[in-house]
Amino acid sequence: MLGKLARQNDPNVLVGFDTADDAGVYKISATQALVQTVDFFTPIVDDPYTFGQIAATNSLSDVYAMGGRPLSALAIVCFPEKGDLDVLQQILAGGLSKMMEAGCVVIGGHSVRDPEIKFGYAVTGTINPERVWKNSSAKAGDRLILTKGLGTGVISTAIKRGEAKQQWIDTAVKSMTTLNAKAAQVAIDRQFAIHAATDITGFGLIGHAREMAAGSGVSLRIEAAKVPLLEGALECVRAKFIPGGLTNNRDFAECIVSYGESVPEEIRTMLYDPQTAGGLLLSVAEDDSERLVDALRNSGVPGVKIGTVLPAGKPLIHIV
C-alpha cells in the first residue's frame, strides 16, 4: 500500500520501502547512516520469557541483514486489559535479555489494550553508507550461503496442536533465539565480497530468494539436498502440520519456480515454510564463498552453500 502513495524525494534515503528490502537506511553523514526496522507478532511458544526472546531476536535480525549494528529499540506491546501482568513482565524480560546480548538499549515503547497478545520492537542501528547490504545486488556467479536451518513454521504449528516432540521444540527455540549478530559480524569483519543479503523470515526461503532474484535482475539455482532443515521439520510436513503462511507463500511464489524431478514433495513444501528469526541468505563472490563458510563454521555459525546466482532467465528460481 505504501507503494501507491507519493514518494518523498529525499536523497539521504539510501534504502526505502520501494525495494522490498529488510530495513530502511537513512544517511546522516558521509560515514554514518541509520538502519531502521520494526517487527512484532503473536506468541508462537507457550513460555512467555522464551516468546520475548524470540520476538527480540526476530526484530534485531533485519538490522543484521543490512550489515548494520543495532543501537536502540522501542518495545511494542499489545496485551489484554485483564491479562496477568506477571506474564507481560516475563515477555519483557525475555526480550530485554536478547537486547542486552546484542548490545542494543531498550529506551522505551508503547502499549495498547488488545485481547490478543502481540510483542516486538522498533530497532534503530548504524551502518557505513558505503557498505550497506541490499537484497537487490546479487551478481551472476555468486554463491548463496544460508546460516540457519528451515522448519520453525511447521514445528510451531505442531506446538500449537500439542503434537511437537520436545527435541523438536528445543531445536526450534534454539534457532529462533540465536542472534544473527555473529554471522553478520564474521562477514563484515573479514571483509568478504557480500554482494546481497537478506534474512529468511515470513515469506520462507523461496519468497525471500524471489525478492533477491527479481530485485537483482538474476536467476537462482538452489540445491535442495543442501538446504539445512531443523530436526523434526520433515516429520511435521509428513504429519500435515502446515501453517497457513506456508500455503500462502507457495500459492504466491511457486509460479516462478521449477523443480528437478528428483526433488521430493516434502522438500518442496519446506522451501516455503515461514520462518521466525531465520538465518541470513548471503550472495557472496565465488572466490570468497568457501572462506566465508569456513569462517562462519569456525565461529559456531552453521553456514552452508545452497546454490548459485545465474544470469537472468526463466525460471526465476530453479530447484535441483
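Student: Let's start with Lys305: is it buried, partly exposed or exposed?

Tutor: Lys305 is partly exposed, with a relative accessible area of 26%; please keep in mind throughout that this is a predicted model.

Student: Which residue does Lys305 form a salt bridge with?

Tutor: Its partner is Glu290, and the closest N and O atoms of the two are 2.9 Å apart. Glu290 belongs to helix H10 whereas Lys305 belongs to strand E12 (residues 304-311), so the pair ties together parts that are 15 residues apart in sequence. Glu290 is itself partly exposed, at 43% relative accessibility.

Student: And how many salt bridges are there by this rule?

Tutor: The count comes to twelve. Another one of them joins Glu223 to Lys226, with the closest N and O atoms 3.3 Å apart; here Glu223 is partly exposed at 23% relative accessible area, and Lys226 is partly exposed at 41%.

Student: Switching topic, where does Asp142 lie?

Tutor: Asp142 is in the loop that runs between strand E6 (118-127) and strand E7 (143-146). This residue is buried yet has no salt bridge, and the nearest side chain of opposite charge, that of Lys139, is 7.1 Å away.

Student: Then which side chain does the side chain of Asp142 make a polar contact with?

Tutor: That would be the side chain of His195, at 2.9 Å. Leaving out residues up to four places away in sequence, Asp142 also touches several others, including Ser283, Glu286, Gly307 and Thr308.

Student: Lys98 next, is it buried or exposed?

Tutor: Lys98, which is found in helix H2 (residues 85-102), is buried, with a relative accessible area of 8%. Beyond the residues up to four places away in sequence, Lys98 touches Gln53, Ala56, Thr57, Leu60, Thr177 and Leu179.

Student: Okay, helix H5: which of its residues are buried?

Tutor: In helix H5 (residues 181-189) the buried residues are Ala183, Ala184, Val186, Ala187 and Ile188. They pack against helix H1 (48-65), strand E8 (194-199), strand E11 (280-284) and helix H10 (286-298). After H5 comes Gln191, whose phi is positive, near 55 degrees.

Student: Back to strand E6, then. Is Thr126 buried or exposed?

Tutor: Thr126, found in strand E6, counts as buried at 13% relative accessibility. The C-alpha atoms of Thr126 and Gln32 are separated by 6.7 Å, although the two residues are 94 residues apart along the chain. Apart from neighbours within four places in sequence, Thr126 is in contact with Gln32 and with others, among them Ala33, Gly68 and Arg69.

Student: And Val105, where is that found?

Tutor: Val105 is in strand E5 (residues 105-113), and at 48% relative accessibility it counts as partly exposed. Residues up to four places away in sequence aside, Val105 touches Leu71, Ser72 and Ala73.

Student: Last one: which residues make the nonpolar surface patch of about 310 Å²?

Tutor: That patch is made by Leu2, Leu5 and Phe17, with Leu2 found in the segment before strand E1 (13-15).

Terms used
Residues are numbered from 1 along each chain as its sequence is written. This is a predicted model: local features need pLDDT of at least 70, side-chain atom pairs count only at pLDDT 80 or more; totals for chains, interfaces and linings use all residues. Side-chain values use heavy atoms; hydrogens and water are left out. Helices (H or I, at least four residues) and strands (E, at least two) are DSSP runs, numbered from the N terminus. Buried means under 20% relative accessible area, exposed over 50%, partly exposed in between (1.4 Å probe, protein chains only). Lys and Arg count as positive and Asp and Glu as negative; His and the chain ends are not counted. A salt bridge is a side-chain nitrogen of Lys or Arg within 4 Å of a carboxyl oxygen of Asp or Glu. A polar contact is a pair of N or O atoms within 3.5 Å; within protein, one must be able to donate a hydrogen and the other to accept it, and residues adjacent in sequence count only if both atoms are side-chain atoms. Contact means heavy atoms within 4.5 Å. Patches are made of residues with over 30% relative accessible area and no salt bridge: like charges are joined within 9 Å, nonpolar side chains (Val, Leu, Ile, Met, Phe, Trp, Tyr) within 5 Å. Accessible areas come from the Shrake-Rupley method with a 1.4 Å probe; for residues, only the protein chains shown count as cover.
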